[in-house]
Amino acid sequence: MERRQRHARNREAGRQPYRITENDREIFRLLARYRYLRTSFIYDLLPHRSRQGLSRSLRRLFDHGYVDKHREQRRGYNDIYCPDIYELDAKGEHVLLDQDERPLEITRLYRKKTDAPAKNFSHSMMICDVMASIELGLEDTGFELVTWQEIVARTDHENPMKLPCSIRH
């Protein structure tokens, strides 16, 4: 049996019909919140699902074109030892929009897909990693992560991007 390539889609699997489940939508909502997300964070942010089941779901969604693996992750010297990095593809985004679901985004990273190399991929990855780490760190503390969209929605300030801010610790 031929070994399956990690970063290449299985074209035969992509031609077969695929029925989106609620578990798949859960992955789409998670990927819509972040621009990029490593499999290790996906496993931790969806703790009620098994790692093996999530791996299989992610692979099927990748083969059918609902999620993508950003090609910049393959440029690292140790990329074969790192967790895969997923992003929501246009097909997956359409599934969410068809269900009238638009989850709050954690980051405001640019989301248009092009063939041009991502100039700030490493920086964008760092932002997504930090935000996912903060969200995971807040899980059992009784605190919750308030997204920028929730902050803007709660204010009647004329320019919500210039809100006064004070930090206490």
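Which residues does Ile42 touch, not counting residues up to four places away in sequence? In this predicted model, Ile42 touches Leu30, Leu31, Leu37, Leu54, Leu58 and Tyr86.

**The core**

Ile42 belongs to the largest nonpolar core, which has 26 residues. Ile42 is among those with the most contacts inside this core, along with Phe28, Leu31, Leu37, Leu45 and Val67. Several elements each supply at least two residues: helices H2 (22-33), H3 (39-45), H4 (51-63), H5 (90-98) and H6, plus strand S3 (85-88). Helix H2 gives the largest share, five residues.

**Salt bridges**

Side chains of opposite charge can pair when their charged atoms come close. The structure holds nine salt bridges. The table shows three of them.

| Pair | N to O distance |
|---|---|
| Glu26 and Arg49 | 3.9 Å |
| Arg33 and Glu135 | 2.9 Å |
| Glu87 and Arg35 | 2.4 Å |

Take Glu26 and Arg49. Glu26 lies in helix H2 and Arg49 in the loop between H3 and H4, so the pair ties together parts 23 residues apart in sequence. Glu26 counts as buried because its relative accessibility is 19%. Arg49 is buried too, at 13%.

Next come Arg33 and Glu135. Arg33 sits in helix H2 and Glu135 in helix H6, so this pair ties together parts 102 residues apart in sequence. Glu135 is buried, at 17% relative accessibility.

Glu87 in strand S3 and Arg35 in the loop between H2 and strand S1 (37-38) are 52 residues apart. Both are buried. Elsewhere, salt bridges that share partners join Glu22, Arg25 and Arg29 into one network.

**The surface**

Met126, Val130 and Ile134 make a nonpolar surface patch of about 240 Å². Ile134 lies in helix H6 (residues 121-137). Ile134 counts as partly exposed because its relative accessibility is 37%.

Note on methods
Residues are numbered from 1 along each chain as its sequence is written. This is a predicted model: local features need pLDDT of at least 70, side-chain atom pairs count only at pLDDT 80 or more; totals for chains, interfaces and linings use all residues. Side-chain values use heavy atoms; hydrogens and water are left out. Patches are made of residues with over 30% relative accessible area and no salt bridge: like charges are joined within 9 Å, nonpolar side chains (Val, Leu, Ile, Met, Phe, Trp, Tyr) within 5 Å. Accessible areas come from the Shrake-Rupley method with a 1.4 Å probe; for residues, only the protein chains shown count as cover. A salt bridge is a side-chain nitrogen of Lys or Arg within 4 Å of a carboxyl oxygen of Asp or Glu. Helices (H or I, at least four residues) and strands (E, at least two) are DSSP runs, numbered from the N terminus. Buried means under 20% relative accessible area, exposed over 50%, partly exposed in between (1.4 Å probe, protein chains only). A nonpolar core is a set of buried Ala, Val, Leu, Ile, Met, Phe, Trp, Tyr and Cys residues joined through side-chain atoms within 4.5 Å. Contact means heavy atoms within 4.5 Å.
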